[in-house]
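Hi everyone, thanks for making time today. I'd like to walk you through one structure, and I'll spell out the cut-offs as we go.

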Amino acid sequence: MADDAGFRARQPAAVDSAFAVLEAVAGHGPGITSKQLVDALPMSKATVYRIVKHLVEQEYLVRTPDLAGFMLGRRVLDLARGPVLPQTVESQSHLGAPERHS
Amino acid sequence: MFDGLDRRSVGYGDLVAHSVAVICPSASALSTAFSLHRVVGPGAWLSVLIGVGLCWVLAAAFGEFASRFTATGSLYTYAAKGLGPTAGLVVGCALLLGYLSLVDYGLADASNQVGRAAVAFGGAQPSAPVLALLVVLGAGVCLLVLWRGIRWSSRFAFSAEAVALATLLVVLATIAARHGVDLPAALSLEGAEPGKVLRGAAMVMTVVIGFESCAALAVEAEQPFRSVPRAMRTSVLITGGLLLGSTLVAGPIADHRLRGRWFAPGEVVSFPDGLVLLAIALSYVALAVCAWTALSRLVFAFAREGILPAVLGRTGRRSAIPGAALVATLPVVLAPPLVALARGDAPGAASYDMLVWATVILMTAYGITALAVVPFTHRLGEFTARTTTLACTGVVGTAVLTWVDLRTNFAQGDHDVLTVLAAVAVAGLCWRAVLARRDAVSGIGLHEAPLRSEVLVPGEPPGGEQRG
């Protein structure tokens, strides 16, 4: 379970900001730098740095080999994968059980 | 780059224990904290706060590197990234000497404490050859522990420190119950002299030396970008808390010279004091294990970067440790006690001299590395007011306390430390010149690139263990 130390204050805003950073990295592709993130996002430099640092620590972002840019990390991939569904569930089927109407 | 190590296997608690073991606070809290009152007088607690506070600032500054990349070279790699290969090699030479001295000191003092425990249990003081034999045995125990792999050795350090710290707390509680704690008197600054307070702060800083050693385990740590910076800071805070507690408790008995008899002052035979001395000996063995771990990772980094023979970069298939680097350093580790034995000296004498030099040299290396934060973050475009403040405070504070420590050495007639400091700088410069001739400078200060399995590359299925 991830530590929530970075999200103590104004939680919804912090979560929104973190997703905005992740979406910016995903939209730009591997290699976007901190400066480019600051230019692209409506946040202060300090906020972007703090969020990027936290996301790197949590491995949602990974630095490029030259350390200046960022890529999406494996934890984003884990989110996308989600849990493996039972084989009896067809990929096209609805996840919820059918409601009974009597 | 650092293939062959047991990646992502060392937890946060074990990382903290690793750095705490190298600092060895249980022994310091029972010696330095008590002698601090005699050196500083009023304001000893302020010395602890200044010394520990500066180390915390340095840990935070080093965290700027540790939160951005992983490498086994710790401060050597940090200095090279920020200030270039020459500074990196000078810091690398300082770390080699520093960690080697810490291993020697740990082994020699473990043997000394076992000897003192033997006396406390009613036996005779072991002779110099027996103490030297204990040093060799201690080195054997360290090698056995290290050879089992990093998971085992880090658990050993954690367990040893748990025993040592629990023992320390029992001793402090006993002293506090017997003599009381006079907080208003202990915290009074009446009659405090700034010069003496700074001298005390320099003493405290020499005690906290080694807090950065867990950074050598960055490749082997779980969530390294988060756990390594935090572990450095936490180990400093744990040590600071213990030193502060000991300083406050030691106030009422500052004039007593306990000489290893906390439960029965003045007595020769004391079973509980013998047990305390054995616990301290155990923490010194943990110090040797962890300093040797850091030393072997540093040599391993040099070898993998091609600036030392490649054979030193080999890792064991089962143990997943840099076994070749470990074995290569064994003769250097054993030489001081064996030379002391041949000369008829106590095995701890040479190690203690080396440690005094090593602390000054490591403090200088800390200052250089703190300075490296500024160009490093500037180059990445991530330069902030916080990093500048950390770097400037670290550099200025370290320079002041190193100077105070040097002046203390000079006042005692010891000028050798300047010679050793110059020798380390010259060694780094010569090494740089040799590498430049071999065209091998470009390999200095490398870090581990992410694995393909750790990143999400668009249009590509998640891969195996290849580098990204």
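Let's start with Leu83(B), which sits in helix H5 of chain B, residues 75-83. By helix I mean a DSSP run of H or I with at least four residues, and by strand a run of E with at least two, each numbered from the N terminus. Before going further, a word on the model: this is a predicted one, so local features need pLDDT of at least 70 and side-chain atom pairs count only at pLDDT 80 or more, while totals for chains, interfaces and linings use all residues. Residues are numbered from 1 along each chain as its sequence is written, with chains lettered from A and ligands numbered from 1 in the order in which they are written.

Back to our leucine: is Leu83(B) buried or exposed? Leu83(B) is buried, because 21 other C-beta atoms lie within 10 Å. The cut-offs are 20 or more other C-beta atoms within 10 Å for buried, 12 or fewer for exposed, and partly exposed in between, with C-beta atoms placed from the backbone. Leaving out residues up to four places away in sequence, Leu83(B) touches Ile368(B), Leu371(B), Ala372(B) and Pro375(B). A contact here means that the two C-beta atoms, again placed from the backbone, lie within 7 Å. Along the chain, Leu83(B) and Thr369(B) are 286 residues apart, yet their C-alpha atoms are separated by 8.3 Å.

Now to Ala118(B), in helix H6 of chain B, residues 85-120. Ala118(B) counts as partly exposed because it has 17 C-beta neighbours inside 10 Å. Apart from neighbours within four places in sequence, Ala118(B) is in contact with Gly123(B) and Pro126(B). From Ala118(B) to Val269(B) it is 151 residues in sequence and 9.2 Å in space, C-alpha to C-alpha.

Next, a helix pair. How do H7(B) and H12(B) pack? Helix H7 (residues 128-147) and helix H12 (residues 271-304) of chain B meet at an angle of about 55 degrees, their axes 10 Å apart. Axes are lines fitted to C-alpha atoms, for helices over the stretch in contact, and angles run from 0 to 180 degrees between N-to-C directions. The two helices are therefore oblique to each other; under 35 degrees would count as roughly parallel, over 145 as roughly antiparallel, and 65 to 115 as roughly perpendicular, with the rest oblique. On the H7(B) side, the residues involved include Gly138(B) and Val141(B), and on the H12(B) side they include Ala288(B) and Trp292(B). The residues of this contact divide into eight nonpolar, two polar and no charged.

Over to chain A, which has four helices and three strands, running α-β-α-α-β-β-α from the N terminus. Of its 102 residues, 24% count as buried. One of the buried ones is Glu59(A), with 20 other C-beta atoms within 10 Å. Glu59(A) lies in the loop between helix H3 (45-57) and strand S2 (61-63), and its phi is near 70 degrees, a positive value in a residue other than glycine.

Finally, the interface: 20 residues of chain B are in contact with 23 residues of chain A. On the chain B side, those residues are 10 nonpolar, six polar and four charged. As for confidence, the model scores ipTM 0.79 and pTM 0.88. Thanks, and questions are welcome!

Note on methods. Ala, Val, Leu, Ile, Met, Phe, Trp, Tyr, Cys and Pro count as nonpolar, Asp, Glu, Lys and Arg as charged, and the others, Gly among them, as polar.
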